[in-house]
Amino acid sequence: MTDSIMSKAATMEIPINSNGDTGTLPEDDSLEQDLQQVMVSGPNLNETSIVSGGYGGTAEGIIPTSSIKGSSMQHSSSSSSMAGEEATRGVAVEKLESVKKWSLNTYKCTKQMISERFGRGSRTVDLELEAQIEVLRDTKRKYETVLRLARALTTHFYNMVQTQHALGDTFADLSQKSPELRDEFGYNAETQKLLCKNGETLLGAINFFVSSINTLVNKTMEDSLMTIKMYESARLEFDAYRSDLEELGLGPRDAVAIARIEAAQAQYQIHKDKYERLRSDVTIKLKFLEENKVKVMHKQLLLFHNAISAYFAGNQQQLEQTLQQFSIKLKPPGADKPSWLEEQ
């Protein structure tokens, strides 16, 4: 609408008479109506145009602003999509390189392992460290047997204590209902209650023994064995890259071969440093593990011996002193049962 008004204003000829007054124009009414409509409704911004080539130029110089907005938005969206594609492509290339390195490393290690198994390849051996590792594995197997038997003893002894508790309650009830055997039932009820109390004290000592052995076997020793597995894996990788470097050293010495030898030498040095670092870690862990094992087992074996001896000797005072000596606190009856809030 504003285009029509501007074109009308640009092309309109205003005749002037001899007195300088304008003549009456037949288009004044339509021009005023257009102006009034523009003033009331306002211009339509979607139809706004930019006129080039001078005021009142031809229609060839008119550029709709909607086309400018659309082209800018299309350019920004295309640039953002290109950036997203570049980022995705970079991640894909990185993953591809990672898979490539892993596949090459796996191939070399598998080749080395097969060569060692069939006696065609050489392997790096630390005789002293290998002997210590074998001793640790044998010790762990034996301690696992001790742990299994101690748990079985705990289960059987717990059942016996529960049976004694039920038997003592039955004797006490019969002493109330059998006047002629009241004293006899009463003596046996007191004896079973005393045995039950001492049995619960011994169970506390045995449970502490089992918990300590479990920590030693399944946490301390297992942590050392995990480090040993990493060490053995590093040893295999080191030998694989060492063999690869030796094979390249026996080949021709052209430019391509020299470049491959230099790359293999760099990989060999990286895996050698890793192997030596893990070997040092294993040596230190085995040393501290041995010291910790002796300290823990000395305490636990003394506890187990004193508690068992005091219980079967019927020495309640010595049994309680044994628990105090090792700072063992018995849980009150029902302590393992969840509270009302926990059940909810």
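**Salt bridges and the nonpolar core**

Good morning. Glu232 and Arg137 form a salt bridge, with their closest N and O atoms 3.1 Å apart; a salt bridge here is a side-chain nitrogen of Lys or Arg within 4 Å of a carboxyl oxygen of Asp or Glu. Glu232 lies in helix H5 and Arg137 in helix H4, so this pair ties together parts that are 95 residues apart in sequence. Helices (H or I, at least four residues) and strands (E, at least two) are DSSP runs, numbered from the N terminus.

Before I continue, please note that this is a predicted model, in which local features need pLDDT of at least 70 and side-chain atom pairs count only at pLDDT 80 or more, while totals for chains, interfaces and linings use all residues. Residues are numbered from 1 along each chain as its sequence is written, and side-chain values use heavy atoms, with hydrogens and water left out.

How exposed are the two partners? Glu232 is partly exposed at 28% relative accessibility, and Arg137 is partly exposed at 28%. Buried means under 20% relative accessible area, exposed means over 50%, and partly exposed lies in between (1.4 Å probe, protein chains only).

The structure holds 13 salt bridges. Among them is the pair Glu144 and Lys140, with the closest N and O atoms 2.5 Å apart. Both residues lie in helix H4, four residues apart, about one turn of the helix. Glu144 is partly exposed at 35%, whereas Lys140 is buried at 10%.

The C-alpha atoms of Leu225 and Lys140 are separated by 9.8 Å, although the residues are 85 apart along the chain. Leaving aside neighbours within four places in sequence, Leu225 is in contact (heavy atoms within 4.5 Å) with Leu136, Arg137 and Lys140. Leu225 is itself buried, at 10% relative accessible area.

Let us turn to the core. A nonpolar core is a set of buried Ala, Val, Leu, Ile, Met, Phe, Trp, Tyr and Cys residues joined through side-chain atoms within 4.5 Å. The largest one has 43 residues, of which Ile133, Leu136, Ile228, Tyr231, Val282 and Leu286 touch the most other members. Which elements give two or more residues to this core? They are helices H4 (127-177), H5 (182-249), H6 (255-312) and H7 (316-325). The largest share, 18 residues, comes from H5.

Tyr231 shows such contacts in detail: beyond its neighbours within four places in sequence, Tyr231 is in contact with Asp126, Leu129, Glu130, Ile133, Tyr275, Leu278, Arg279 and Val282. Thank you.
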